[in-house]
Amino acid sequence: MKYVARSTQVAARMLGDEMVIMSAKDSTLFTLNPVAAVIWNAADGHTTLERIVDDKICEEFEVDRQRAMGDAEELVSQLAEHGILLVSEQPIENEPQGLSR
Amino acid sequence: MLEQRYAGFLSAATRPTRPGAAAPRSPFRLDVELLPEGAPGPDEDVRVRREGGRWVLTRGDFRAEWQPEQRRGWVRQTANPYAIDSVLRIVHTLLLAEAGGFLLHAASAIRNGKAFLFSGKSEAGKTTLARLAPAEVTLLSDEISYIRRATRGLDGRGRPSPQDQGGYIAYGTPFAGELAKAGENVSAPITALYFLEKAAQQRVEPLGTSEALFRLMQNILFFAEDEVLVRQVFEAAGEFVLNVPAYRLAFAPEAGVWELIR
């Protein structure tokens, strides 16, 4: 089980079809494609990554589950490396602020 | 010193109309106190931090405070023009951030009633482009551009005011770069933002909104160690790139480059 939560140290907004995220600590910018944006928006600290992939990704984008899970793991690991997504084996209690729009 | 440095940007309304009379209310006020000779020079990085409801600005040659609620502040500085210049830039970044605007590392100019921005760090060509401007171009700045959201309002006859394009307005600034010449104290709606690159041939290429946002964020003047302010600036920059077309302008230092600016 892997739980994911958006960091509170970021700002995020949609620009057309793309989600752009900025680290408020060092102003680094990231662009998320639509699939990554779905994971980002669903990362509430209480929903597991597996469930996000099953309920949101496979359903909305009609992709193979195994491949979707692999891509999601890779994305989460990249975003976690930059500190803009938190990952834990337990639910993450500190609810992120509603920064996305 | 201030009158000379900011000539063209001083308003009669900020001075008492007769000796002993109170000065009319200004949008904001900074009281300046000069430190005695021998105080440190500007050899420290500037620090801007929020302390309670006020901002504290420090550098070797000045210490200042700004209270956004009261729109008042004070500066204690050595008698050098760079200190007050820095404080004014910082205070304006704070004022603009509240209103969806920003100061940008950019030359800016008005041609045929339209404002154009030319952004880039030092050596990108801001001053070069300003020097090459044809006679009909009014220079707003060769270094720091002042950008504010257009205020929505009606003119005296109930029609949308000329500046109400739902967009952004560029204003002239006294903050000069290598040109060592203040811009004109005028404004116009912003038509386009160009990111400058020196090249052998002239070329203009449109930029997507994400690319424009990435480049814009690198060139917005930003001093404060404050996450709320970072988010305000990010939001402002995002809105800006959704409303103003952005381009990459590769240019050779020839007057012909201005034929691309329309």
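Chain A of this predicted model holds an open sheet of three strands in the order 5-1-6, paired in the antiparallel sense; strands (E, at least two residues) and helices (H or I, at least four) are DSSP runs numbered from the N terminus, and two strands pair if DSSP finds at least two bridges between them. The edges are taken by strand 5 (44-48) and strand 6 (85-88) of chain A, each with a single partner strand, so one side of each has no neighbour in the sheet. From one strand to the next, the twist averages 25°. Two bridges join strand 1 (residues 3-6) and strand 5 of chain A, and A:A5 stands opposite A:D44. Helix 2 (residues 49-61) of chain A packs on the sheet, touching strand 1 and strand 5, with its direction at about 70° to that of strand 5; angles run from 0 to 180 degrees between N-to-C directions, with axes fitted to C-alpha atoms, for helices over the stretch in contact.

Turning to chain B, B:V233 is among the residues that touch the most other members of the largest nonpolar core, which has 92 residues. Such a core is a set of buried Ala, Val, Leu, Ile, Met, Phe, Trp, Tyr and Cys residues joined through C-beta atoms within 7 Å, where buried requires 20 or more other C-beta atoms within 10 Å of the residue's own, placed from the backbone. Domain 1 (1-98) and domain 2 (100-262) of chain B both contribute residues, so the core lies between them; the domain bounds come from an automatic or database assignment.

Residues are numbered from 1 along each chain as its sequence is written, with chains lettered from A and ligands numbered from 1 in the order written.

How values were computed: Predicted model: local features only at pLDDT ≥ 70, side-chain atom pairs only at ≥ 80, totals over all residues. Buried ≥ 20, exposed ≤ 12 C-beta atoms within 10 Å, placed from the backbone. Contact = placed C-beta atoms within 7 Å.
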